[in-house]
Every structure is written in structure tokens, then in C-alpha cells.
Amino acid sequence: MTATASIHHAQSSPTHCLRPPATAVMQGRLRARRLLLPLRAPPPPPGALLLPRALSSSPPASDGGGGGGDGGGGGVAVKQVTRGNLAEALEELRRRVREATFVGLDLEMSGVTSAPWRDTFELDSADVRYLKLRDSAERFAALQLGVCPFRWDPAKSAFIAHPHNFFIFPRKELPSDCSSHEFLCQTTSIDFLAKYQFDFNTCFREGISYLSRAQEEEALQKMNLLYHNRISASSTSCEEDQDMTLKSAADILFTERMKIKFTMWRDEIIRKPRVDSHLPENINCDQGQFQTVFFKMRPAVMLNGFSSHQLKLIQQVLRKHFKDLVYVCTFDDDDTSQKRVVYSDTDEDKTLLMKDVEEDLLRSREARIKSSIGIRHVIDLLSSEKKLIVGHSCFLDIAQVYCKFIGPLPSSMKEFALGIHKIFPHIADTRHLMSVNQAVQNLMRQKSKSLSSAFSFLCSAPNSSAEKSSILSPLRIEVEGDETTSSRFISGAKHEAGYDAYMTGCVFAQLCSYLDIKFERFSPQENLATNSKLQKHINFLPPSWNSGTVIDLSTGMERPDPSYMRRFPASAYEKIVLIWGFQSKVRPNDIKDCISKVFGPGSVRTVFSIDSTAVLVQFGKQESVDDFLDLKAVLERTDSAISILHPLSTLLEGGQTRAAKYFTYREICSFSESKFFFADQAEAVCSTSKNQLLENVDDNVISSVHQSILDGTVLAPVKKSGSKNQNDNDISCQDILHALQVDRALFGKRMRS
């Protein structure tokens, strides 16, 4: 038995002990499933903590035994929604969201980064950071959507929560949809989800598919064109249709036979009009290919078993010889076609018939597309109600929502921010809220800012007397189920989207208390997003945990986060050089020392490893960037002892490494392909000549720099002050110049020694 199953068993077993089984089942069907947390008997005494237990490394013990580790549930009933109960769940959720004060939101994805260097770094600029996040949202699938409406109940002085967990799987729903629906799975992410007992079978078999708004519009356009062409092709009033030349005897015999059959059937219709919904006998034809039916209250025959060529010949026969017979092609829900010949005795009736057929096709098409929207109905609901959406470190979650349910992600961070602000005008990030209140900062100073850590610390009863004096009493929160018998509830587990959305809402409610928002005075009709104490902190999202910035969704502008403690100096991107192509791992300090020997102590502010094959080097001066690129180009083109013994030879690695300005780093990150190593990615993007990769250094510049090195006037190695005992075997730049200019034999002798 799994941990989740054992918890469910532990909750239900006391009921079976108190009542006969049949009574227990009947009572369970008639009453609302309302759970006051934590789930245990007897009820907690007044003033006791009503939030679920603080998450720990082990789940609570249960009678059923079973799972351990972090896979245990938190004692919260989370409604599980698949494509089988989506319609019912949407009706309930629509009511809950309309009544909600705010809505917790969370997603579980199939991965986060497609390569190690795709992770966000502190030295990344805002546009590079967005490119990496966009790459993640486009490549990986959303597997679960957690939505948890929270409603403030003044009578109970408590929040009422309704956590929902929607399973998602992007299957093909429309026949006209030609997309491949491919997505990546990051093994570490899949292993992580499996560790917390993620139900992959339910996700892949019963997950809800979707169409984004852009895909819906494209599907409408395609189907409009498709059905318009089909209707036009089926119309008998088109005089521009050219008759096929009957070349074979089989075609001639077939058309003559069809002419006879249709004549007999039509004459029978005219001679013996239908009475009491009875039609003349089916036309006598091989394999029952003609079946007499009603269509739109008109006599008709179904055309079964004919080839496409024969159907074209039939249409030709009707056009030439039967003005009162109409060829009609309709389509079932599974997009299979039905061909009929319908009797229509007047031109007016024929026009009315074709209009009815076209309207039916339009209604059928719209219903089919609407049924394919799937999980996007939830996003449209949240958008239309304009409720306050609450997430934790939710920038990537919001990007996933935009990419999967709205349309292709915009090319820039500003466009994305403004676009998402139109869809969700009020978004709060609990990680950002933790940084704006000094009391919370002090409490969380030595603690992880993860969701489970914040939930465990802020939403549980304080243990020590010191905590009691600094931590506010947790708000009262109830989890409420519905009254339907088909609802499926399980005990929520950490890293399940529905339960994480619940935890996010609990953390947010507690943070509001630290912002001195008094819910006791809060009216359910009030809009929490417009509260003066909260309004100045919403619509600010940290792009990543290490960005040191927040994005203002209302303006699309990025600003520094004052509470963020930087590991590296603030980046000046015009002073940064990208170096890639290292064949073996080189330590940042070695690279810094190597460059400092040439450009002087303090010339390099930061060396940051992208991965084992590439680094970013931030110089102290902007002109050092061009000097470095020029010097590297010279040394690589110079086939002499200088290129071998120069201090920068460590970076050259025999001409294997390459360098460029920060702009090239951005271009590499924007490339759609994603190699595992950055050097391989750079080579795939920069598939031009070596000279172009090295910033197109001019030959005249190279010649000038080369001569300067020979003259010993510029870019000579800098000796460290205070170093008196230099190794006799060290070869200085002056030794190299002397060997080149005076005695090359000396150079060879010292090299051998």
C-alpha cells in the first residue's frame, strides 16, 4: 500500500467502526465532505492550530503501514480531476472561484532545464534570463495544474479552501491538428516526481488535453477553409465544375447504370409520395450501396462503398441529368464523411437545404473545437474572474501557462510581462512577499525560501518561546469538499500541484498577517488585490531565485531587489567576455590569474563558469574587452614561441578555445537547438569561420598588436609586486623577445632545460 493509500485508509476506518457499512456509505453520499485540519479525533480544543501538520521528512504513521519518506500526504483532501470528471469539476470550480478571495496556483512540469548551461545565472542579463526561461516553458510539458480557491468566511473567522489537482497530457484531439506534441523529459525531474509518488499512469492515460487560444484560432481558420472547400465541392449549383472525360468502358457503363438507378428511384418518389414516414424500397444495387433514408425531412439515399472516383462520376451524372437531386456530404463527430443524394424539387428548396447543411457543419465544427479546449477552460475562468492569483517563485509557472494555454511566448521579457498582465491583472508571488517584510526576513534569514520550508515554518504552531514571541499565530483554514458522489479526493502530497497550490495559499494568507492585513475586518465583497497594504507588493515577480531583480508586470520593467545578497559584483555586460571550447575543466581562479598576469592585478572582477567548457569573464574596464580579444586573435595567428609561452596560452589550449563579447552569449542562448555542453551549442550556432567568431578582428589590428608585443611596449606580462625569488626556469616575456631578436639558439636551449 502506498503512503497516500494508507493515509486515506486511516481516515476512513473510524467511520466503519461507528456505523454499519451500509449506513456509512449512505451518510457519505448525502453529506458534504468537510474536513477540519488536522484530520484526527477528537476535534482540537479552542485556540489550537487548525492548519495541517508542518511538513517533515517522514509522513505520519497510519494503520495501513506502507510508504515512508517525503511521499506522505499532509492530511488535506485534494480533488483529483481527469478528463473523465472535468465537466463536473469545472462547474464546481466556477462557483468556488467566483466566491474566492484569492486563488493559489501551481504547476508540475516534466523538466526545468534542457542543459546545465540553460539554468539561470546571476551574471545573466534580463533578456538572456528570459530566453532561458522561455526555452524551458517551450520544451517541457505541464503535467499537473493545481488550483486552490480560498474564500474568507467572516462567520467562522477562517479561510475555506478547495484544492483541485488537474492532470494534463497534450494529446491530439482535432483531426486537422498536424502538430507533433513533442516535449522533453528531464530525468532528474521525473525521478523527483516519482520519489513523491506522482501518478504517471493517470497523467498519460487520463490527463486532460488542451488547445491554447492561438491553437483554437488556427483550428477555426483551418476548419473554416476545409469545410468551405468541402461544401463548395459538394454543391450541385457550381457551373464551373468541368466534367471528366469518360475514357474507359467501365466508367461509361458505371455512369449509365447510375443514371438508370437514380431515374428509377426519383420516379418512384414522385409517383408514390411517402406516407407515415415510409419511403420507397432501397435501390437494388450491388452490396447494398444505396440505402434509402430521410435527410432534413427529405427523401435521400446513402451512398456506401463507392470509391472517390466513382463518387465524382455520380456527382457528374447528377449535374448533367438530375436538376432535382442534390449531392450532400456531411461529417460525423469523428470526422468521417457521410455521402447522400437528396431529392429537392425546387431551386428555393435546394438553396435552403444547402444552407441548413452549412449551418450544421459550422455548429459541429465549433462544438468539436470547444470540446478540445480542455484544461484551458480553467485558465479562461481565472482570467475572466480577474481574481488575485498567488504563486511561489511562479515566474516559470506563469510562463508555462502562457505558452501552453495562451500562445507562443513573446520575444522579449517586456512583451511577456505586459501580455500576462492583460490576462491576469493581479498576481502575487509569496517568495517576493517574504522579502518585503523585515519581520519575515528576520525569521527566514537562516532558512530555505522553498515552498515547503516556508509552509512548515510560517503555518505551524511555534515550538520555542522565542518563536512564540516573533511568529504570528497561524490563521484558521478549513478544507471543504463537495457533495457529489463522483468526486475523487485523495490526501494531498507534497509536490503534487493541487497540494502545493494549497500550501501556497496558506503561506500567502500568513504573509498577509505580517503585512498587518486584518481579515477579521475583511468583507467577502472586497477585492483583496486593491488593499492598500498589499497592492504595492503585487505584480512583482522574481524571474529566478538568483536574479537579484523583480519584474513589474504592469510596466514590463525590471528593477533590483534590495533584499537580495549578491555573490558576484553587479554585471556590466559591455565589460564581459565569453570564452568557450575548454577541453578540460579549468578553475575560474586559474583563468583570473592567467589574465591578470597580462592586464594587471584587479583587471578581472569576476570569472563565472557556465559549465566545464565555457566561462564568462568580467573585466574592470570596457577597453580591456577589445584588448583581450585582439591579443587572443594575435596569439592564435602567430606561429612562434610567443603563442606557446605567453601567459594567455592557458586559455588558448592550442587554438581550441574561442572568445566573443556578451552579445554572442545572448545569441547562443536564443538558438532553438539545445546541446548538453555550451561549447557544442556555441559551435552549432556560430557555424561561421574562426575569424568571424573572434569578433572579425582586422588584419591591420592584428599586425599592429603583434608588433607591439615584439617591441615590448604593450600587453606585456605584469610582474607581481613583492615577488623577489623568481624561478630560474621561468621564461619571461623579455626572455622570449630577446630570443627572437638576438639569439634563437638561446630560446631552444632554455626550452630543452
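1. Confidence. The protein has an average pLDDT of 78, and 72% of the residues score at least 70. Over residues 236–240 the pLDDT stays under 50, and the model has 6 contacts for them beyond four places in sequence. Over residues 712–731 the pLDDT is likewise below 50, and that stretch has 27 contacts in the model beyond near neighbours in sequence. Where pLDDT is low, the predicted coordinates should not be read in detail.

2. Overall make-up. The protein has 753 residues, of which 50% count as buried, and its secondary structure comprises 29 helices and 21 strands. Of the contacts between residues at least 6 apart in sequence, 74% join residues at least 24 apart.

3. The largest nonpolar core. This core has 48 residues, and those with the most contacts inside it are Leu 145, Val 147, Phe 166, Ile 375, Phe 416 and Phe 424. At least two residues of this core come from each of several elements, including helix H3 (86–99), strand S3 (102–109), helix H4 (126–139) and strand S4 (142–153). Helix H11 (376–385), helix H12 (395–405) and helix H13 (413–423) are also among them, and H12 gives the most to the core, with 8 residues. Phe 424, when residues up to four places away in sequence are not counted, touches Ile 379, Leu 382, Ser 383, Ile 389 and Val 401. In soluble globular proteins, nonpolar side chains tend to be buried together.

4. Helix H11. Of the 10 residues of H11, 7 are buried, so that the helix is mostly covered. The buried residues are Arg 376, Val 378, Ile 379, Asp 380, Leu 381, Leu 382 and Ser 383, and of these Ile 379, Leu 382 and Ser 383 are touched by Phe 424. After H11 comes Lys 386, which has a positive phi, near 55°.

5. Leaving aside neighbours within four places in sequence, Phe 395 is in contact with Leu 133, Met 413, Phe 416, Leu 541, Pro 542, Pro 543 and Ile 551. Phe 395 and Pro 543 are 148 residues apart along the chain, yet their C-alpha atoms are separated by 5.6 Å.

6. A second core and helix H16. A second, separate core of 45 residues includes Val 440, Leu 451, Ile 517 and Leu 534. Leu 451 is also one of the buried residues of H16, together with Ser 453, Ala 454, Phe 455, Ser 456, Phe 457 and Leu 458. Helix H16 (residues 451–458) is thus mostly covered, with 7 of its 8 residues buried.

7. Aromatic pairs. The structure holds 32 aromatic pairs. In one of them, the ring centres of Phe 169 and Phe 204 are 5.4 Å apart and the planes stand at 65°, so the pair is edge-to-face. This pair links distant parts of the chain, 35 residues apart: Phe 169 lies in the loop between strand S6 (164–167) and helix H5 (187–195), and Phe 204 lies in helix H6 (residues 200–206). Phe 204 counts as partly exposed, at 36% relative accessibility.

8. A pair within one helix. Tyr 662 and Tyr 665 also form an edge-to-face pair, at 5.3 Å centre to centre and with 65° between the planes. These two tyrosines are 3 residues apart in helix H24 (residues 662–669), so about one helical turn separates them. Tyr 662 is buried, with a relative accessible area of 7%, and Tyr 665 is buried at 0% relative accessibility.

9. A ring cluster and a charge over a ring. Ring pairs link Phe 102, Phe 150, Trp 152, Phe 159, Phe 455, Tyr 499, Tyr 502, Phe 508, Phe 519 and Phe 522 into a cluster, and Phe 455 is also among the buried residues of H16. Elsewhere, Arg 559 lies over the face of Phe 540, at 4.1 Å from the ring centre.

Conventions
Residues numbered from 1 in each chain as written. Predicted model: local features only at pLDDT ≥ 70, side-chain atom pairs only at ≥ 80, totals over all residues. Heavy atoms only, no water. Phe/Tyr/Trp six-rings, centres within 6.5 Å; stacked < 30°, edge-to-face > 60°. Helix = DSSP H or I, 4+ residues; strand = E, 2+ residues; numbered from the N terminus. Buried < 20%, exposed > 50% of the residue type's maximum accessible area, 1.4 Å probe, protein only. Lys NZ or Arg CZ within 6 Å of the ring centre and 35° of its normal. pLDDT = per-residue confidence, 0-100. Contact = heavy atoms within 4.5 Å. Core = buried A, V, L, I, M, F, W, Y, C linked by side-chain atoms within 4.5 Å.
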